[in-house]
Structure formats: C-alpha cells, structure tokens
Amino acid sequence: MKTKTALVTGATSGIGRAVALRLAREGVRLIVNGRRAARLEEVKREIEAACATAVCTLPFDVRNRGAVERSLAGLPDEWQRIDILVNNAGLAAGMAPVHEGAVDDWERMIDTNIKGLLYVTRAVAPGMVARGAGHVINIGSIAGRSVYPGGSVYCATKHAVAALSEGMRMDLLPFGIRVTQICPGAVETEFSLVRFDGDASRAARVYAGFTPLTGADIAEAVCFAATQPAHVNIQDLLVMPAAQAGATMIHREI
C-alpha cells in the first residue's frame, strides 16, 4: 500500500475524513477533495502530523464537471497516478414526501450523489485502464437497498450508485480494475445535520437510543477492501450498527 495513491472525495468531514486518515496509516499517499479549502488544509495537517505520508489537497465541487476535469488534469505529474478512487462525496437533503419535495434539494442530491460520482470516475478511470490496474470504491447506503417514506429521491440516488457500481465492475473487468460498493447503515456524522438544514436537535434524534456507526467504522471497511490481494475483490459490503436490521428498523433503548 505504501506505493499507492488514493483520491478520496468529500474528505473534509465524516466518512471521507476518516477514510483518508485510515488509508494514510497504511502509508497510502492521499489526494483529499472537498468544497471547503480551509477544511481540506486542516485534514492535510492532521494526516501529516499523524502519519509519514504525502498529502495533496484538491478543492473542487464534484457537481461542477468543468472543475472536476480541470482539477484532475492539472495535478502535478507525481500525483497523476491514482491507484484507489474512493467516491465518498454525497448527501441527503430534506425528508418531504414527493408531492411536497423541494426541487432544489432533488437536484442537489442527484448532482452530487450520481453525477458527481460519474464525473470523478470518468476523469480517473482512463488512467487505471491504461495501467491495467486500479480500485474504485463507491460509498453507497442501506438506502440503496431499501426505500423509506420521505426519502424517495435520496434512495433513488443510492440505488443508482448500486447500479453504477455493478455496471462499472462489468465495464472495467477486462482491465484488471476492481470495483467495490460499501453500504453503511446509520452513521453519526454531519449527514443528518445537512439533511435537516442545520437543525441540530432533529439531527440528534436520528441517533438517539442506540449506538450508531462512526466514520471510522466505515473507514475500516474501506481499508479492508483496499488491502485485499490483487486477485480478491470485495464487490458489495453492507455495514450496519448492531441495533439496526433495516433502513427503518432500529432498536432504541428509550
């Protein structure tokens, strides 16, 4: 792993930040991406203080196709070879039923969770194909397997990630490129705070009464998949809290 370079999108917080830190502990060189440049610099300093590995910050919004293409094409030569791509950038916005949903929320989720993943993969995958090696790890969700009220569009985007992961695996199979989808259940990050537009009280209720997953738990799953021998591909991995049996089935001690 110490000879490899990974690009992690959405690395300013939550799962993405934890993944970057975990891969850095394996000696992987990191390209960390996010919209917030100051946060990226904090992540870089944190990684460099904890691990003896190089870090490159790459601030852009995955929704902006031009920015994605310019940023990745403009990487210095020593950062051009990306061995591992972790498509982590994603979000949920709102929980209104479909007849009351905010179209802006829908577009934000579709543009980030589906189109952003595609833009970054399209920019990185040709290099992997040319080298005949690489690993694409897509962060999906239990919402990509089960739909719940008020989450129709978010669930649709994560179902799309599942379909894209399966299709990528087929398309990239002849080139020795592994494709993994990792689907978390309830993970306590900024996810619900973003979904409920900064309502901290409502976000806290999502994780009340049970022990949710952490970003570090999902980072361990990413590292597990990434460190398998070249002939082994962890294709699809569902990771849930012990208290959760389905998208909406959680045992709460309250």
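This is a predicted model: local features need pLDDT of at least 70, side-chain atom pairs count only at pLDDT 80 or more; totals for chains, interfaces and linings use all residues.

Reader: Which strand gives the most to the lining of the second largest pocket?

Author: Residues are numbered from 1 along each chain as its sequence is written, and side-chain values use heavy atoms, with hydrogens and water left out. A pocket is an open set of points on a 1 Å grid over the protein atoms alone where a 1.4 Å probe fits, with protein on both sides within 12 Å along at least five of seven lines, and its lining residues have an atom within 4 Å of a point. At least two lining residues come from each of β5 (134-139) and β6 (177-184), and the strand that gives the most, with three residues, is β6.

Reader: Nice. What is the volume of the largest pocket?

Author: Among the 49 residues that line the largest pocket, Gly90, Leu91, Ala92, Thr189 and Phe191 lie nearest its centre. Volume here is the space filled by probe spheres set on the grid points, which are joined across faces, edges and corners. For the largest pocket that comes to about 1200 Å³.

Reader: Which element supplies the largest share of that pocket's lining?

Author: Helices (H or I, at least four residues) and strands (E, at least two) are DSSP runs, numbered from the N terminus. Elements giving two or more residues to the lining of the largest pocket include α1, β2 (29-34) and α6 (191-195). The largest share, four residues, comes from α6.

Reader: On to charges: how many salt bridges are there?

Author: Side chains of opposite charge can pair when their charged atoms come close. The rule asks for a side-chain nitrogen of Lys or Arg within 4 Å of a carboxyl oxygen of Asp or Glu. By this rule the count is 11.

Reader: Which residue forms a salt bridge with Glu220 at 2.8 Å?

Author: Arg25 pairs with Glu220, with the closest N and O atoms 3.8 Å apart. The pair at 2.8 Å, N to O, joins Glu220 to Arg22.

Reader: Is Arg22 buried or exposed?

Author: Buried means under 20% relative accessible area, exposed over 50%, and partly exposed in between (1.4 Å probe, protein chains only). With a relative accessible area of 14%, Arg22 is buried.
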